[in-house]
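Biologist: I would like to learn how to read a protein model, one feature at a time. Could you walk me through this one?

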Amino acid sequence: MATFVDEVILHLRAGNGGDGCVSVRREKFKPLAGPDGGNGGNAGDIILVSDPQVTTLLGYHRAPHRKSDNGGPGMGDNRSGFSTPDVILPVPVGTVVKDADGNELADLVEPGMRLVAAAGGHGGLGNAALATTKRKAPGFALLGTPGWEGDIILELKVVADIALVGFPSAGKSSLVAAMSAAKPKIADYPFTTLHPNLGVVQAGDTRYTIADVPGLIEGASEGKGLGLEFLRHVERCSALVHVLDCATLEPGRDPISDLDVILKELAAYPVPDGQLPLLERPQLVALNKIDVPEGRELAEFVRPELEARGLKVFEISTVSREGLKQLSFALAELVTAARTSIQQAGPRIVLRPKPVDDGGFHVRVEGGSGGNTYRVIGAKPDRWVAQTDFNNDEAVGFLADRLAKLGVEDELFKAGAVAGSTVVIGAGHGVVFDWEPTLTSTAELITSPRGADARLDASERPTRSKRRDDYFARMDAKADARAELIREREAGLWTDDEGFAVERDKDDTNDHD
């Protein structure tokens with residue numbers, strides 16, 4: 001069973017915002033006392049937080065689907081819908097967040113860093129909030145916007161100061177256990193370590209972390225062994241320690257050839273832009289297993305050649321702990337130098353204000369067999385379209401007013417659109433309109449006496465007495481029509497094809513008889 005996972009795909013679905021409410025307050029002697037529809041509630045966001053207490057992405061590997069609840073709808077009497085809480089997802093420090101296409105979104109390298117991975121929908125405004133001096137009783141409300149839905153990739157890169165690299169069974173896990181309080185699994189067969197192990201080392205006044213990178217063999221940068229899967233954990237480290245096995249029993253292997261293979265694989269591994277290549281970082285060599293007589297002899301034999309390459313060499317033994325103190329203080333000096341350089345350089349925070357002339361949208365002309373299509377792309381138009389109830393004429397007119405105030409109509413005119421042109425708002429299929437310029441909302445055109453509204457009168461149900469009177473009136477009209485026909489027949493009048501009364505001939509009468 002897996003105990004360490006450093007890459008997962010999360011399927012996120014943020015909740016939708018609640019719809020606004022259309023309601024009119026009714027009191028005694030006040031059938032139309034004003035709008036009182038409440039606003040819809042906001043849906044919760046899905047937020048990633050870097051937590052030092054979390055060391056693996058295993059929980060998300062087992063449960064990759066995460067969602068937040070929808071916001072509540074607005075209600076009458078100015079009651080707003082409930083807002084749902086945010087969903088907090090703790091991730092290890094050093095987690096890189098990418099979108100579904102592999103583009104990096106954020107690098108959570110410090111504890112407590114937060115990233116809104118999926119934004120929840122905003123609640124729509126009720127008709128009480130939409131009321132103005134010109135639109136005193138809106139007959140519509142705004143819908144809640146949908147929440148973000150999609151996939152993101154979480155990739156963990158261990159945050160450690162020192163990376164221990166070397167062939168399997170070279171003693172990396174043993175070195176972590178000897179220098180720190182970590183207790184990794186140690187055995188005498190290759191690929192014992194299946195995930196990076198972290199340890200904290202205290203050398204004088206300096207405290208730093210070390211990590212061993214498992215499974216680094218020849219061809220690791222091409223995917224052989226486990227090296228390609230875990231080489232990403234070397235990217236965070238300030239310095240490298242090559243742990244070379246001086247007592248290996250495998251034929252054809254020695255510390256020099258092992259080092260050449262490791263250097264080749266490190267050189268072939270691409271690091272992200274802006275980071276130092278792995279081979280340009282400070283490096284030390286630890287000749288391990290000198291507690292074995294043959295190992296000590298081999299270490300003394302290869303040490304001059306390694307020092308001739310400009311490498312600082314330490315002869316160590318994780319069993320007898322010989323040379324570990326000197327190695328720990330040498331690593332502390334490298335870590336201190338690296339931290340000092342980072343503090344001196346310091347990240348520059350650049351604030352880029354939004355341009356004054358940025359309207360927040362642009363119009364793109366797209367050709368087609370049926371003529372040009374004008375696509376409006378922007379965050380505000382997309383959100384406004386999602387908030388519009390297209391079954392309500394007032395809401396459609398309100399959307400037209402908002403787009404006109406934003407300057408969409410002017411841009412469409414500049415792009416060559418005319419009345420009847422096809423306009424699409426949003427990417428992909430979007431929402432398609434047959435553009436009619438200067439479309440306004442119908443609320444300003446409604447004229448009714450104070451305390452009345454024609455929209456409410458149109459939907460008024462007749463009373464029982466009114467229905468009875470209407471029925472008797474229809475029956476009386478039918479009776480009058482029948483009596484008139486009888487009188488005309490008795491008077492000898494007949495109606496022609498055009499409906500005029502004419503006198504009937506007696507012979508015609510006899511013929512009919």
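Biologist: Let me start with a single side chain. Is Phe433 buried, partly exposed or exposed?

Modeller: Good place to begin, and keep in mind that this is a predicted model. Buried means under 20% relative accessible area and exposed means over 50%, with partly exposed in between. Phe433 has 22% relative accessibility, so Phe433 counts as partly exposed.

Biologist: How do I read a pair of aromatic rings, and how many aromatic pairs are there here?

Modeller: A pair of aromatic rings is described by the distance of the centres and the angle of the planes. In this model the count comes to 3 aromatic pairs. In one of them, Phe140 and Phe398, the ring centres are 5.2 Å apart and the planes stand at 45 degrees, so the pair is tilted.

Biologist: Where in the chain do Phe140 and Phe398 lie?

Modeller: They link distant parts of the chain, 258 residues apart. Phe140 is in the loop between helix H2 (127-130) and strand E8 (149-156), while Phe398 belongs to helix H9 (residues 393-406). Phe140 is buried, with a relative accessible area of 2%, and Phe398 counts as buried at 12%.

Biologist: And which ring does Phe433 pair with?

Modeller: Phe433 forms an aromatic pair with Phe390, tilted at 50 degrees between the planes and 5.8 Å from centre to centre. Phe390 lies in the loop between helix H8 (379-386) and H9, and Phe433 in strand E18 (residues 431-434), so this pair ties together parts that are 43 residues apart in sequence. Phe390, at 37% relative accessibility, counts as partly exposed.

Biologist: Now for charged side chains. How many salt bridges does the structure hold?

Modeller: To spot a salt bridge, look for a side-chain nitrogen of Lys or Arg within 4 Å of a carboxyl oxygen of Asp or Glu. The structure holds 14 salt bridges. One of them joins Asp260 and Arg309, with the closest N and O atoms 2.9 Å apart. This pair also links distant parts of the chain, 49 residues apart: Asp260 sits in helix H5 (residues 255-268), and Arg309 in the loop between helix H6 (293-308) and strand E14 (312-315).

Biologist: Are Asp260 and Arg309 buried, partly exposed or exposed?

Modeller: Asp260 is partly exposed, with a relative accessible area of 35%. Arg309 is partly exposed too, at 39%. Arg309 also meets the side chain of Glu305 in a salt bridge, at 3.9 Å from N to O. Glu305 has 41% relative accessibility, which means that Glu305 counts as partly exposed.

Biologist: What about a salt bridge with a buried residue?

Modeller: Look at Glu366 and Arg375, whose side chains meet in a salt bridge at 2.8 Å, N to O. Arg375 is buried, with a relative accessible area of 9%.

Biologist: Which residues are linked in a network of salt bridges?

Modeller: Arg25, Glu27 and Asp77 are linked in such a network. Most residues other than glycine have a negative phi. Asp77 has a positive phi near 60 degrees. Its place is in the loop between strand E3 (65-67) and strand E4 (87-91), and at 47% relative accessibility Asp77 counts as partly exposed.

Biologist: What is the phi of Asn78?

Modeller: Asn78 has a positive phi of about 60 degrees, although it is not a glycine. Asn78 is placed in the loop between E3 and E4, and at 48% relative accessibility Asn78 counts as partly exposed.

Biologist: Let us finish with a sheet. What is the order of the strands in the open sheet of 6 strands?

Modeller: The order here is E10-E11-E9-E12-E13-E14, with mixed pairing. Strand E10 (197-203) and E14 are the edge strands, and each pairs on one side only. Ignoring direction, neighbouring strands are turned by 25 degrees against each other on average.

Biologist: In which sense do strand E9 and strand E12 pair?

Modeller: Strand E9 (residues 162-165) and strand E12 (residues 239-245) pair in the parallel sense, over 4 bridges. Here Ala163 stands opposite Leu240 in E12.

Biologist: And which strands does helix H3 touch?

Modeller: Helix H3 (residues 172-179) packs on the sheet and touches E9, E10, strand E11 (206-212) and E12. The direction of H3 makes about 155 degrees with that of E11. H6 packs on the sheet as well, touching E12, strand E13 (283-288) and E14, and its direction makes about 165 degrees with that of E14.

Terms used. Residues numbered from 1 in each chain as written. Predicted model: local features only at pLDDT ≥ 70, side-chain atom pairs only at ≥ 80, totals over all residues. Heavy atoms only, no water. Helix = DSSP H or I, 4+ residues; strand = E, 2+ residues; numbered from the N terminus. Buried < 20%, exposed > 50% of the residue type's maximum accessible area, 1.4 Å probe, protein only. Phe/Tyr/Trp six-rings, centres within 6.5 Å; stacked < 30°, edge-to-face > 60°. Pairing = 2+ DSSP bridges. Axes fitted to C-alpha atoms, helices over the stretch in contact; angles between N-to-C directions. Contact = heavy atoms within 4.5 Å.
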